[in-house]
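Dear colleague,

Here is the structure I promised to pass on to you. Please have a look at it before reading my notes, which follow below.

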Amino acid sequence: GVAAAAARTTVPISAELSTSIAGDLFPVTVKLNMGNIFLTEPVVLFHDEGRIGMQVRFQAYDHRPAQGVAISETGRGVFSGKIGYDLATRQILLHDPEIDKLEFDRNSDITQRMLTQLKDAWDTQVTNPIRAELPPHPYLIPFKNNIQDLSYDGKSIILTISYQ
């Protein structure tokens with residue numbers, strides 16, 4: 001018989017649409033040794049050199065009534081990496097992830113200590129690459145099972161779709 005060729009197509013996704021799609025994965029709570037970080041308001045940023053950034057608002061909190069600890073500090077962070085895709089697990093990858101910016105709204109001894117702990121946690125807990133599930137966003141649902149790859153061309157995230 002004649003083998004059916006797979007039809008391949010690419011779909012560009014803008015920074016605005018990427019931000020909307022990323023929003024479906026938030027809010028996110030990250031556990032740390034000194035408490036938790038609550039991440040909200042993601043904004044996808046397109047950098048050059050093939051890197052994509054994500055800006056988030058965060059709230060770092062450490063609540064231990066028995067020790068008289070009740071800390072809640074807010075701030076803004078930006079991290080970035082090179083986007084990729086794992087076809088086997090259908091996960092989005094962020095290679096060579098880095099913190100570009102991490103700052104609290106208030107500067108104090110507490111926030112300076114938290115900053116150090118956040119950077120330590122990043123170094124010890126963040127994997128290279130970072131793996132994320134495909135968000136359950138309506139835009140992605142029709143393509144979800146046919147995505148072959150994700151790339152970034154400096155203007156858009158490019159989905160490579162294959163239909164058998």
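Two strands are taken to pair if DSSP finds at least two bridges between them, and helices (H or I, at least four residues) and strands (E, at least two) are DSSP runs, numbered from the N terminus. This is a predicted model, in which local features need pLDDT of at least 70 and side-chain atom pairs count only at pLDDT 80 or more, while totals for chains, interfaces and linings use all residues. Residues are numbered from 1 along each chain as its sequence is written, and side-chain values use heavy atoms, with hydrogens and water left out.

Strand β5 (residues 69-86) pairs in the antiparallel sense with β6 (residues 91-104) over eleven bridges, with Ser80 standing opposite Glu98 in β6. Strand β5 is also joined to β4 (residues 51-64), again antiparallel, by 14 bridges, and there Val56 has Gly77 in β5 as its bridge partner. Both hairpins have four residues between the strands: in that of β4 and β5, Gly68 takes a positive phi near 70 degrees, and in that of β5 and β6, Arg90 takes a positive phi near 55 degrees.

Separately, β1, β9 and β8 form an open antiparallel sheet in the order β1-β9-β8, with β1 and β8 (147-152) as the edge strands, each pairing on one side only.

Best regards
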